[in-house]
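Student: I have a set of chains open in my viewer and would like to talk through how they meet. Could you take me through the contacts?

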There are 4 protein chains.
Amino acid sequence: MTVTNTFASAADDRVFRLVIACPDRVGLVAKVSNFLANYNGWITEASHHSDPSIGWFFMRNEIKASSLPFDIKGFVQAFQPIANEFDMQWRVEDSGVPKRVMLMASKESHCLADLLHRAHDGELPAEIIGVCSNHEDLRRMVEWYDIPFHYLPVRKETKQADFAKLNDLMAELQPDVTVLARYMQILPPELCQAFEGRVINIHHSFLPSFAGAKPYHQAYQRGVKLIGATCHYVTDLLDEGPIIDQDVIRVSHSHTIADLVRLGRDVEKAVLARGLRYHLEERVIIHENKTIVFHH
Amino acid sequence: MTVTNTFASAADDRVFRLVIACPDRVGLVAKVSNFLANYNGWITEASHHSDPSIGWFFMRNEIKASSLPFDIKGFVQAFQPIANEFDMQWRVEDSGVPKRVMLMASKESHCLADLLHRAHDGELPAEIIGVCSNHEDLRRMVEWYDIPFHYLPVRKETKQADFAKLNDLMAELQPDVTVLARYMQILPPELCQAFEGRVINIHHSFLPSFAGAKPYHQAYQRGVKLIGATCHYVTDLLDEGPIIDQDVIRVSHSHTIADLVRLGRDVEKAVLARGLRYHLEERVIIHENKTIVFHH
Amino acid sequence: MTVTNTFASAADDRVFRLVIACPDRVGLVAKVSNFLANYNGWITEASHHSDPSIGWFFMRNEIKASSLPFDIKGFVQAFQPIANEFDMQWRVEDSGVPKRVMLMASKESHCLADLLHRAHDGELPAEIIGVCSNHEDLRRMVEWYDIPFHYLPVRKETKQADFAKLNDLMAELQPDVTVLARYMQILPPELCQAFEGRVINIHHSFLPSFAGAKPYHQAYQRGVKLIGATCHYVTDLLDEGPIIDQDVIRVSHSHTIADLVRLGRDVEKAVLARGLRYHLEERVIIHENKTIVFHH
Amino acid sequence: MTVTNTFASAADDRVFRLVIACPDRVGLVAKVSNFLANYNGWITEASHHSDPSIGWFFMRNEIKASSLPFDIKGFVQAFQPIANEFDMQWRVEDSGVPKRVMLMASKESHCLADLLHRAHDGELPAEIIGVCSNHEDLRRMVEWYDIPFHYLPVRKETKQADFAKLNDLMAELQPDVTVLARYMQILPPELCQAFEGRVINIHHSFLPSFAGAKPYHQAYQRGVKLIGATCHYVTDLLDEGPIIDQDVIRVSHSHTIADLVRLGRDVEKAVLARGLRYHLEERVIIHENKTIVFHH
């Protein structure tokens, strides 16, 4: 069957991102490829991963939206029978609909400034719908970008109530993904569970080394020769969620803790921006406590 | 159609590597996937690359040999009609048949020793069929590995005759791939052309910087802060063939030329071993003067 | 001789940075060390480099300002006889006097935004005294930081007059160092010469590869597997000045030119910020067309 | 005082390596520099580190042996009064006397082969005085290099007696440094203490992550995106000794444990060779549980 596409203009460079995880079986790729070929779908990027140790198969396709005869809803309808047949966990997303991103920060500005600038520059395929902070320090920077700034203090004595407000804010804003850009507060387990797979954190160490507080101090004490940063999904187990990306930078005996903090900032920024980008482009599949990341 | 496989035992972990380059068309992936699915082929690794700037498509599949009902010859016969239909440049190779590798070296031993040890250790999927050198220095090392050592001196006055002997040797040994592991001689154009895409060189600079002779001296003079190495296919244009892999290492004002040479050796070894491995596993497709490298 | 310091308070953590280049001679280090010890100078960081190939010696000391009995002027007076005796090229700077930095940019914001944020964050020991651009695009960003924005268009027909205005501006502002943060215009030789060693450029390639225009396009055409950026001093020979720092990032066949541009931005930012920091902290000595960089 | 050197010929490029750690005091550098200058010592490399957090100072000088009027014994005699005055922990070594290195390995050959080849190639300033292994597998490789191979099995039931034999061997061979090149046995605390600061281990993880057994399995389970190796001094606390060097390599979801093992081997080799080289060149100072490494 070949279908003439009546939806999209030639200039349209949107893609549909089809992401699949399912038990491995012969014929899977053929089934999906046939589906796409039958609708004349033009595959612009394809990635597969087969994990024999657990018997699972993971797949991501980018298909030119303008080559297909339906919109996302139509795609879902058409594809659902195949998904059912193969017990797929799956999603398909339209690159033309930027994800709604909420950023959270505390007082340190480097990660926040980096993400805001990337989004402003058109580099991040995202709409920043708001910044939430437990301090007022970064308001002026955020508002320069015409992005709403939500001040939600978190105090020891009223923590539960404070986080209830955060919960309300998230319920209201409905972010697709929330980014802890050096937020420095531990989210309550309920929130972690409610937004599982949709909250990304940057931890300022090469996990699993130096989990918890003051990782640069720990690194200094241990005398490591590389320090790092880890971008991961938040779970209710502190600093133990699925890792999206990591990187390191070389340090030496001559660096003070202040130097480690300064050098680490650049790694944090880079790793968080990369990890978020992978998430936004639907390149990440969480499976158990690990990730498949189809970056190129 | 489903075919019961009568060829291979369950313990057989050989894969067939199917590598395809052709003009891009809708339905390509489906066609290949269907072919494999129809024969019950179990795809263990799949990589695609579509280059819209030139309208070409590149694909590599690893298929469990034991899942297919035919051997390589049977595969070729069965697949040829599809290849013809889509104007494919293609090949399929059996991982169980190690490639025949000829190594060439001069006096410096680091790359040669590294490759010999990797092969000996079972890390390189290759059979080293011989080492050819224009000096006797490395004979003892080679012979420890029970590998034939061919001494073919190359002298200014008799260069043409000397390379004719090399040509004879290659005609006799029939290597699948020849590796210039710091061979330090420029092969004549006829040889380059005759073995196009089958001779791999390691150049001791980050090409295109410092092509030609004495790259570490050039790097020192220029005062670069990183030095590198480049693994590439040999063509009749010196140091301009398709690049397979590159890497760099940080240097500083405190390093002498001798230090650059020493530090560079480690990069050369690593890059050459990696590039050769990609080639041996059929991960490289040469297209015009560039490579697609489906490493993971 | 021991002198009681009456200048500085205990809380003063300013350092004097003493930077020396001279022909190598026995007794040099002793002479300088004695000088500092006699005045009770507390050395907090010391770096030496001796280059036997040219017979030169290079040295950098950080001395706690509060440990010395004089200010910079006093230091210069006291040290000059030693400098004369050993034919030193030398300078001493007070870390408490931030360098005056002028930034120049064109339309692309990433390097400029990065440097402005670092300065704002207190990470760069510098006073940004102005931003000069040949376009208006970045005015709003600059003015948010309360930094004067100078719009100086550069047009083909009036280039000489346009650069005369730039010359006037620099004469007026008296920057200690000028940073071409992706300025995209070639400065006239007179300017390069007048500000030799005081204009820093970021070139978006791993020099000497891909000098000149459109380096990412050149890199794409050549099919390199790493792209880079180079921070260097500007001379009247385009892209050939002394290199301060370089770095690279891995790319593959799957990256378009747009991807290279995007990935390269992060390398450019990092390398420029690092190179500038080295310059600001008096860690760089230019000797002939190379640099000694005493980073730690 | 200037002394004419009557010891060494002009062609002599030996250096004396003077390594000092002591409480920080004004005048230290001057004292040492004067000492060297008075004897006409030609300093070819000098490195300082001052750690204000603990009030200690660390220093390493290379001095051309031929420029000094005494040999090592004479140096020690002449310098001892200064060392006493400043409470120095210090040593001075002659680069012309290669360190005696004992290597220990188990069955895996990559680290051992790498070090043997480097030593053979003249790259490591060391004399390999023997290889000790708890298996016979690597004998043939070792004996090709004309190096004594000591087979000392270590069995659960007789561990104490087995290690007593190792102790005897070390007492007999008197190595300056012992290298655990993937030895895979935990040395008894007495041995660790007896040879403190003189036994170097390569651990196949980026410590402190994945200390203990099977680090690549642990890394795979955690889903890290970089794996690493750590070269450190052995203490009686397993994998907790002072770190000399570390490095990492990028991995992804597509890598099996076998891939991690294979990729990790290259990092292990490189890090161990680097760390050992630093030790052999007297570039490492152990202070408490950390190292100062004056590499260049």
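This is a predicted model: local features need pLDDT of at least 70, side-chain atom pairs count only at pLDDT 80 or more; totals for chains, interfaces and linings use all residues.

Student: How many residue pairs are in polar contact between chain D and chain A?

Tutor: Side-chain values use heavy atoms, leaving out hydrogens and water; residues are numbered from 1 along each chain as its sequence is written, and chains are lettered from A and ligands numbered from 1 in the order in which they are written. A polar contact is a pair of N or O atoms within 3.5 Å; within protein, one must be able to donate a hydrogen and the other to accept it, and residues adjacent in sequence count only if both atoms are side-chain atoms. Between chain D and chain A, with both residues at pLDDT 80 or more, the count is 23 residue pairs.

Student: Which element gives the largest share of the side of chain D that touches chain A?

Tutor: Elements here are DSSP runs numbered from the N terminus, with helices (H or I) of at least four residues and strands (E) of at least two. Strand E2 (43–51), helix H7 (215–222), strand E11 (243–250) and strand E13 (290–293) of chain D each bring at least two residues to that side. The largest share is seven residues, and it comes from E11(D).

Student: Which three residues of chain D lose the most area to chain A?

Tutor: Buried area is the accessible area (1.4 Å probe) that two parts lose on being put together, summed over both. Chain D and chain A bury about 2800 Å², with 52% of that from carbon and sulfur atoms. On the chain D side, 25% of what is buried comes from D:Arg222, D:Lys225 and D:His253.

Student: Which residue of chain D forms a salt bridge with A:Asp245?

Tutor: A salt bridge needs a side-chain nitrogen of Lys or Arg within 4 Å of a carboxyl oxygen of Asp or Glu. There are four of them across the interface of chain D and chain A. In the one with A:Asp245, the closest N and O atoms are 2.9 Å apart, and the partner is D:Arg250.

Student: In chain D, which residue has the C-alpha nearest the axis?

Tutor: Copies are superposed by least squares on the C-alpha atoms of residues with pLDDT of at least 70 in both. A rotation of 180 degrees with 0.0 Å of shift along its axis puts chain D on chain A, at RMSD 0.0 Å. The C-alpha nearest that axis lies 2.5 Å from it and belongs to D:Ser209.

Student: How many salt bridges are there between chain B and chain A?

Tutor: Contact means heavy atoms within 4.5 Å, and here it takes 16 residues from chain B and 16 residues from chain A. The two chains bury about 1300 Å² between them, 61% of it on carbon and sulfur atoms. Two residue pairs are in polar contact, both at pLDDT 80 or more. The salt bridge count between chain B and chain A is zero.

Student: Why do chain B and chain A meet through the same surface?

Tutor: A rotation of 180 degrees with 0.0 Å of shift along its axis superposes chain B on chain A, at RMSD 0.0 Å. The two copies are therefore related as by a two-fold rotation axis. They meet through the same surface because the interface residues of chain B are also interface residues in chain A, to the extent of 100%.

Student: Which residue does A:Arg91 form a salt bridge with?

Tutor: Domain 1 and domain 2 of chain A have four salt bridges between them. In the one formed by A:Arg91, the closest N and O atoms are 2.3 Å apart, and the partner is A:Glu282.
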